Every structure is written in C-alpha cells, then in structure tokens.
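User: I've got a structure open and would like to talk through some of its strands and rings. Can we go step by step?

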Amino acid sequence: MSDEGAQALAGLMAAAVPRLSGIELPAPEPSTVARALDGAGFPEGEPRFDAATTADIQGNVLPGFNKDHQRFLFLRIDDVEGARDWLRWLAPRLSSMQEVLDFRREFRRERLRTGATEPTANATWVAFALSAPAVAKLLGDDALAEMSDEAFRQGLAARSTYLGDPADPTRPGHRDHWRVGGEESAADFLVTVAADAAADAEAEASVILEAAARSGVSVVFAQAGENLPGNLGGHEHFGFKDGVSQPGVRGATADGELLAPRYLDPRNPHARIFGKAGQPLVWPGQFVLGMPRQDPADPLVPAADDGAFPDWARNGSYLVCRRLAQDVPAFWEFAAAAGAEYGTDPVHVASLMVGRWPSGAPVSRTPSRDDLDLAGDEFAHNHFQFDDDTRAWTPARSLVEGGYRGDDHPKARADVFGDVCPMAGHIRKVNPRDSGTDFGAPADTMMRLMLRRGIPYGPVLAGVTDPSPELVAAERGLVFVAHMASIEDQFEFVTRRWANSALQPNAGGHDPVIGQADVYGARERSFEVRTPSGETKRFVLDREWVTATGGGYFFAPAISAVGGHLAGEARSAG
C-alpha cells in the first residue's frame with residue numbers, strides 16, 4: 001500500500017462523532033397515535049401488530065438485534081428426528097419482536113437523554129433460520145415446492161455466478177473455495193446469537209451447540225462478528241459508517257406505539273411517506289410474509305400479499321447471508337492512486353465511491369469535507385435526494401419540545417448528473433431514492449429495500465498506526481445479513497441489475513464497492529467521476545476489494561412454527 005493510502009487508513013475517525021443528546025422523546029399514547037394515523041394526514045388502516053404477532057415474529061427480523069457481539073452458527077441435520085427434538089428445545093430460547101422492541105425503546109430514550117453509547121442493562125438474543133434443503137428434510141419436497149421464491153429453493157451457491165461471483169473455479173470467490181455454503185459445506189440451519197457482552201454471546205452459543213450435538217445436529221462452520229472498537233463503532237473495515245440508511249417499517253403495536261416513529265410535522269405532506277426526514281416508510285409485507293406489501297404506484301396504499309407460501313411460513317422472512325472478505329489495503333491503495341490522478345486526497349475519492357464520508361455524512365450534503373455534526377444527527381443525515389434539492393422540514397412539535405434544535409446543516413442541491421455524488425456511488429446504486437430508474441418511477445425503489453443486519457468480522461486495520469505485517473495480512477470482512485419478502489425481487493435485483501451494471505439504474509459505471517462483472521471470465525469494472533470542470537473521469541477497476549467466501553439463502557420462520565410445524569407437531573397430530 002502506498003504511503004498516502006496507509007496514512008489515510010491510519011487516520012480514519014481520529015475524532016468521535018458527537019451524538020445527539022439531551023433530547024426527551026415522549027412516551028407513546030395510544031389515543032395520540034390513533035389520531036396521527038387516522039386524523040392528521042397519515043393513511044388510515046396502517047397495519048397493527050397485535051400482541052400475538054409481536055410475540056411470534058423473530059426479533060432480528062423486526063426491529064433487529066444490532067448487538068456489538070454476534071455468533072453465526074451454521075449447522076447441518078445428521079438425524080431428522082433428533083433435529084425436530086432440538087427445534088422444540090430451541091424455540092423458547094428465540095427472541096421475539098416484542099422482547100427486542102421493549103429493550104430498544106428504553107435504550108434509545110436513554111441514549112438521546114444522556115448521550116450514552118452503551119445500554120445500562122445487558123441482553124442476549126437468539127434467532128433461527130433454515131435453508132431449502134432443511135425444509136425438504138423436515139417437511140418433505142412438496143412443502144418446499146410451496147415456497148414461491150425460486151432463489152431460496154435453489155440456494156445461494158447455485159445462483160452465485162448469477163450474482164457476479166467468478167465462474168472460473170480457480171478464482172477467489174468461486175463457491176468451491178467458500179468457507180461455508182459450498183457443495184461440501186452447505187448448512188441446513190443458521191442460528192444467530194447476539195449479545196452486549198462477548199462472554200455472554202460465547203456462553204449462549206456453547207449451550208446451543210452442545211444441545212445440537214446431543215440431537216444429531218452438527219456444526220459446519222461458526223463465525224464471530226464484532227462491532228469495531230472506539231470511534232469506528234458501527235463502521236465496516238474500509239472505515240465507513242455502515243447501515244446508516246434503513247427503511248422505516250409501517251405499523252403499530254398493540255399498545256399503540258409506531259414501529260417507525262413519526263418525527264415530521266404532520267402538516268407536512270412528506271410526513272405521510274417518511275418517519276424521520278429521509279427515512280421512507282415501507283409496508284411490512286416487503287419484509288414479513290403475509291402482511292400488506294408496497295404498491296409500486298402509490299406508497300400510501302398497501303398492496304395485498306399475493307406471494308405463494310404455506311401457512312406455516314406466515315410471519316416469517318427470507319434471510320440472505322453473505323460472508324464477504326474485504327481487501328482493505330487494496331481499497332486504499334486504489335483510493336490513493338485515483339486521488340493523485342483526480343487531484344484530491346484518498347479519503348475524498350473513497351467517499352465518492354461510497355457516497356458518504358467515513359463518519360456517515362452524505363457527500364450530497366457536504367461535498368468538500370466530512371461533517372461529524374451532520375453524521376451524528378440521526379434526524380438529518382439521511383435527509384437528501386439525488387434529483388431534487390433538499391427541502392427544509394419542520395420537526396414534529398413533540399420533537400422540538402423534547403429539545404431538538406432542528407436541521408441546520410448544509411442542504412443538498414439537485415444532482416441529476418452526478419456532479420456531487422457519482423451515479424455509481426455505492427449508496428446511489430443500491431438506493432436511487434428519488435431518481436427514476438431503468439425499472440420505472442422512483443416509487444419502485446421502495447420495492448427493493450431490505451432490512452440489513454450485518455456486522456464485521458476479523459481484526460480492525462482502519463485507524464491503526466504502523467500495523468504489523470501479520471495484522472495487515474489477517475482476514476477481515478463483513479457478515480452481510482438482510483431480511484426481505486423476496487430474495488429475487490430485492491437482494492438479487494439490487495445486486496445483479498444495479499450494483500453489477502455499468503448502465504443501471506443510471507449510467508455511470510459499476511458499484512465500485514460491491515459490484516462485480518464476469519464477461520467470459522473478464523472481471524474488469526469501471527467507475528466514473530465528474531470533475532469540477534464538468535468533464536467525466538473514468539477509472540478502471542481491475543481488482544476486487546470484496547470477495548464472497550460463503551453464506552446461504554435461509555428462511556426465518558415465526559417462533560411458533562419453529563417449535564410447532566417444523567418440529568413435527570402436525571405430523572404427530574396426524
């Protein structure tokens with residue numbers, strides 16, 4: 001790695017992002033919520049999650065675990081009857097949506113009120129998912145055929161080249177070299193253990209593995225995921241804040257609390273389609289089977305869930321897991337070389353490739369430098385479009401009364417031609433926001449959104465001064481995890497049709513971070529940047545910084561289905 005690249009990498013996030021604090025969020029009042037939904041401009045009929053549903057949906061689907069320490073256990077069924085016994089044992093240990101909502105609600109209020117970065121109470125949570133072969137083993141081939149998602153039925157390995165992974169078995173990234181999920185290492189089950197303390201995650205994982213071994217379920221592979229330390233918390237290994245932009249899920253719980261709180265003044269028309277400024281509200285059926293789905297023509301009107309799935313799969317969610325190795329030195333070596341050619345510094349070029357600065361501040365709102373204050377304002381750092389100017393928004397009265405001073409950060413200007421955020425910038429590729437795409441109007445973008453639950457693995461290199469050769473050479477990467485209602489229409493669509501294309505959703509090159517190209521074995525990609533004079537500079541990417549090393553397509557069923565139908569309850573009753 002060049003000196004410039006090494007210095008840029010070592011200097012990442014030397015200062016902490018100042019988080020909002022001193023804000024009091026009001027406790028939800030069912031009557032107030034009902035008026036907001038039905039009488040103050042919000043669409044009527046927003047889905048309600050009753051108590052039985054929130055106790056049944058797994059908590060990593062909604063609202064998501066988001067713990068610093070996670071263990072991913074990839075398991076194989078050796079004895080079917082033993083596996084059913086183990087599922088009955090496991091089901092009561094699974095963490096529900098309600099359990100996670102209760103914990104996160106209290107921590108969020110504590111963080112905004114005091115600025116705390118860690119919860120005062122610890123929790124350990126468990127999630128479960130199974131692969132298509134596991135469905136067939138437990139329920140039979142006919143039951144698997146009832147699952148309508150063809151990608152799930154075929155599995156990740158069979159579709160890897162469709163996603164752009166190498167077709168040549170001699171190349172890194174080909175499924176023959178995967179640590180898990182290849183022909184010899186396929187997993188039937190994926191169990192995720194998440195905790196605030198590493199020791200708690202290890203202890204729970206050990207208990208689960210011991211019980212599995214006694215029941216004829218063996219471990220294929222285990223992967224630890226850890227939040228990066230210090231100021232890099234929440235970042236991935238290239239050094240950029242990850243998971244900044246997550247959709248808000250429409251719906252309210254039985255006690256009247258909205259899953260995605262509404263922080264815009266309800267008199268603002270945008271309050272009907274955004275929870276926070278820049279956070280689109282998406283119907284829950286995009287992530288959970290059996291619920292109202294997004295209508296591509298009108299984001300305010302739900303579409304019926306017309307997906308084909310068996311009754312036991314209701315309230316479940318498809319899960320994509322990709323173990324992605326990251327070549328951090330190669331990424332920053334390229335950024336340094338491209339910066340010298342472009343006439344800027346490596347961090348600026350890397351931020352153009354991502355679409356955000358390392359802190360998470362969007363280049364659309366702060367084109368020339370990182371802005372830590374903007375990055376720390378969760379009510380502003382997603383408030384931007386690509387084709388239109390950023391418009392001022394008025395916070396809800398309760399947010400102002402709670403202490404929020406308002407969005408006084410620099411505004412983004414219309415960027416139709418990619419003068420500020422390149423057309424192929426990662427965040428613009430995978431979420432075009434207000435831009436029309438090759439597949440229709442901007443509302444179609446909301447059909448492609450996913451709930452991301454990933455976490456890094458391996459030792460951190462970013463921010464380290466004078467790292468040892470052993471540290472530089474160590475493997476590191478991201479355990480990419482995402483939940484959705486359709487693997488084909490969400491994850492595979494975004495990956496294959498947008499990230500891997502030089503022309504879609506708009507012309508400007510491949511996604512330089514995760515995009516792949518494999519044209520008769522040639523894997524060269526390109527990335528275009530507009531210069532200040534308005535000219536287009538094209539960079540050729542002849543080396544990949546992200547390589548697939550494993551994973552799988554899974555399904556996360558409702559908790560009742562794990563200990564009931566999948567464990568053989570229906571068979572026993574018959």
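Here are some questions and answers on a strand and on the aromatic rings.

User: How many residues of strand β12 are buried?
Analyst: Keep in mind that this is a predicted model. Strand β12 covers residues 477-484 and is mostly covered. Its count of buried residues is 8 of 8.

User: Which residue in β12 is the bridge partner of Cys 321?
Analyst: Strand β9, residues 317-326, runs antiparallel to β12, and 8 bridges join the two. Within β12, the bridge partner of Cys 321 is Val 481.

User: And which residue in β12 is the bridge partner of Tyr 457?
Analyst: Look at strand β11 (residues 455-457), which is antiparallel to β12 and joined to it by 3 bridges. In β12, Tyr 457 has as its bridge partner Gly 477.

User: Are the rings of Trp 312 and Phe 555 stacked or edge-to-face?
Analyst: The structure holds 25 aromatic pairs. For Trp 312 and Phe 555, the ring centres are 5.9 Å apart and the planes sit at 85°. Planes over 60 degrees apart count as edge-to-face, so this pair is edge-to-face.

User: How many residues apart are Trp 312 and Phe 555?
Analyst: Trp 312 is in the loop between β8 and β9, while Phe 555 belongs to strand β15. The pair links distant parts of the chain, and the separation is 243 residues.

User: Is Trp 312 buried or exposed?
Analyst: Its relative accessibility is 10%. The cut-off for buried is under 20%, so Trp 312 counts as buried.

Technical notes
Residues numbered from 1 in each chain as written. Predicted model: local features only at pLDDT ≥ 70, side-chain atom pairs only at ≥ 80, totals over all residues. Heavy atoms only, no water. Buried < 20%, exposed > 50% of the residue type's maximum accessible area, 1.4 Å probe, protein only. Helix = DSSP H or I, 4+ residues; strand = E, 2+ residues; numbered from the N terminus. Pairing = 2+ DSSP bridges. Phe/Tyr/Trp six-rings, centres within 6.5 Å; stacked < 30°, edge-to-face > 60°.
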